[in-house]
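Trainee: I would like to learn how to read a few features of a structure. Could we go through them one at a time?

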Amino acid sequence: MRSGAAAGHTGYYHETAFYSSDQELLDVVVPFLEDGLAAGEPVLVAFGPVNQRLLTSAMDTSKLTVIAGEEQYLRPASAIRRYRELFARYVEQGASQIRVVGDVPHPGVGEPWDWWARYEAVVNHAYDDFPLWGLCPYDVRITPEHVLADVARTHPHVATPDGGHLDNDGYRDPAGFLPTWRDAPRPGPEPGPPSAELVGPTAADARHVVRAALAGTGIDADRAEDFVMAVSEAVTNASVHGKPPVRLRIWPGDDRAVATVTDGGEGPVDPFAGLLATAETRSAGVGLWMAHQICRHVSLYRDEEGFTVRLVC
């Protein structure tokens with residue numbers, strides 16, 4: 001039987017909270033966690049170091065399942081995969097409700113927002129298989145306005161520091177929130193021309209040129225080989241599911257490399273592409289999901305040249 005504000009709810013009860021002081025954060029989070037423990041529910045915390053220290057100073061965290069936020073929220077697709085594995089184990093063990101609170105990355109802490117905005121929308125679908133109550137607090141002192149606006153559109157419920165739990169009239173379902181690829185955010189241009197540009201490359205061509213480009217950098221061998229695989233998958237996707245011409249460009253740096261794979265098509269039909277695993281092996285989603293597991297950052301967008309997958313090592 002579910003407890004608290006999520007009592008009687010089926011699936012994922014996705015809640016945000018906006019706080020402007022450390023005390024306001026604690027006023028929302030501590031009762032959420034303590035009530036879950038009192039109800040005998042699995043309670044998970046995935047905070048960064050600052051908020052974890054703050055929480056530890058305010059309550060006994062020994063009975064919580066504490067996950068390092070910087071590890072759990074390294075990439076959106078891997079966060080979804082790891083959380084789903086955890087939630088499935090708790091349900092197998094008989095949990096009737098699971099509570100989780102975490103620090104989702106954003107530009108205020110130095111991380112790109114575009115794929116985390118997609119994450120906050122997609123999890124409304126991805127976690128709805130589980131009796132989950134998730135709380136995503138955002139610090140308004142450091143969170144940019146455009147991020148707060150996206151947060152307000154991706155959370156069906158809002159918790160308040162005075163103990164309130166409100167339905168959010170501004171919530172939009174994931175398909176309605178996620179932009180078309182043409183409207184999706186895109187990064188600025190790379191400084192200078194690419195070190196290599198191929199038109200119509202095969203997957204083998206892509207692997208060869210990426211290995212050559214990364215050979216003179218400080219990127220370690222394992223990370224470089226992961227990137228080679230991600231770019232190869234993106235080229236295969238573009239060749240099989242997109243339209244010609246397919247173009248591969250790469251910009252290597254000392255400890256960072258960027259590759260773009262562009263084709264003349266419209267991009268995947270599935271707006272969740274890349275963030276959710278798919279069992280359909282003939283789908284472009286398989287390769288995109290692998291790239292989202294591997295790369296430091298992945299952007300998907302469409303412009304006058306076509307659909308682009310931008311991969312950062």
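Trainee: Where does Asp 169 lie?

Mentor: This is a predicted model. In it, Asp 169 belongs to the loop that runs between strand 7 (165-167) and helix 7 (174-177).

Trainee: Is Asp 169 buried or exposed?

Mentor: The cut-off for exposed is over 50% relative accessible area. Asp 169 has a relative accessible area of 80%, so Asp 169 is exposed.

Trainee: What separation do the C-alpha atoms of Asp 169 and Gly 134 have?

Mentor: Those two C-alpha atoms are 18 Å apart, while the residues are 35 apart along the chain.

Trainee: Now helix packing. How are two packed helices described?

Mentor: By the angle between their axes and the distance between the axes. Take helix 1 (residues 22-38) and helix 2 (residues 49-58): their axes come within 10 Å and cross at roughly 65°. Angles of 65 to 115 degrees count as roughly perpendicular, and helix 1 and helix 2 are therefore roughly perpendicular to each other. The crossing of helix 1 past helix 2 is right-handed.

Trainee: Which residues of helix 1 and helix 2 make the contact?

Mentor: Helix 1 contributes Asp 22, Leu 25, Leu 26, Val 29, Val 30 and Leu 33, and helix 2 contributes Asn 51, Leu 54, Leu 55 and Ala 58. By class, that contact of helix 1 with helix 2 has eight nonpolar residues, one polar and one charged.

Trainee: At roughly what angle do the axes of helix 4 and helix 5 cross?

Mentor: Helix 4 (residues 76-92) and helix 5 (residues 114-126) have axes that cross at roughly 25° and come within 10 Å. Angles under 35 degrees count as roughly parallel, which makes helix 4 roughly parallel to helix 5. Helix 4 also passes helix 5 in a right-handed crossing. On the helix 4 side the contact is made by Pro 76, Ala 79, Ile 80, Tyr 83 and Arg 84; on the helix 5 side, by Trp 115, Trp 116, Tyr 119, Val 122, Val 123 and Ala 126. The residues of this contact of helix 4 with helix 5 divide into 10 nonpolar, one charged and no polar.

Trainee: Which residues touch the most other members of the largest nonpolar core?

Mentor: That core has 71 residues, and Tyr 119, Tyr 127, Phe 227 and Val 231 touch the most other members. Apart from this core lies another, of 22 residues, including Tyr 19, Leu 26, Leu 64 and Trp 133.

Trainee: What does Tyr 127 touch?

Mentor: Leaving out residues up to four places away in sequence, Tyr 127 touches Tyr 12, Ala 79, Ile 80, Tyr 83, Arg 84, Phe 87, Tyr 119 and Leu 132.

Technical notes:
Residues are numbered from 1 along each chain as its sequence is written. This is a predicted model: local features need pLDDT of at least 70, side-chain atom pairs count only at pLDDT 80 or more; totals for chains, interfaces and linings use all residues. Side-chain values use heavy atoms; hydrogens and water are left out. A nonpolar core is a set of buried Ala, Val, Leu, Ile, Met, Phe, Trp, Tyr and Cys residues joined through side-chain atoms within 4.5 Å. Buried means under 20% relative accessible area, exposed over 50%, partly exposed in between (1.4 Å probe, protein chains only). Contact means heavy atoms within 4.5 Å. Axes are lines fitted to C-alpha atoms, for helices over the stretch in contact, and angles run from 0 to 180 degrees between N-to-C directions. Helices (H or I, at least four residues) and strands (E, at least two) are DSSP runs, numbered from the N terminus. Angles under 35 degrees count as roughly parallel, over 145 as roughly antiparallel, 65 to 115 as roughly perpendicular and the rest as oblique. A crossing is left-handed if the near helix is turned anticlockwise from the far one by less than a right angle, and right-handed if clockwise. Ala, Val, Leu, Ile, Met, Phe, Trp, Tyr, Cys and Pro count as nonpolar, Asp, Glu, Lys and Arg as charged, and the others, Gly among them, as polar.
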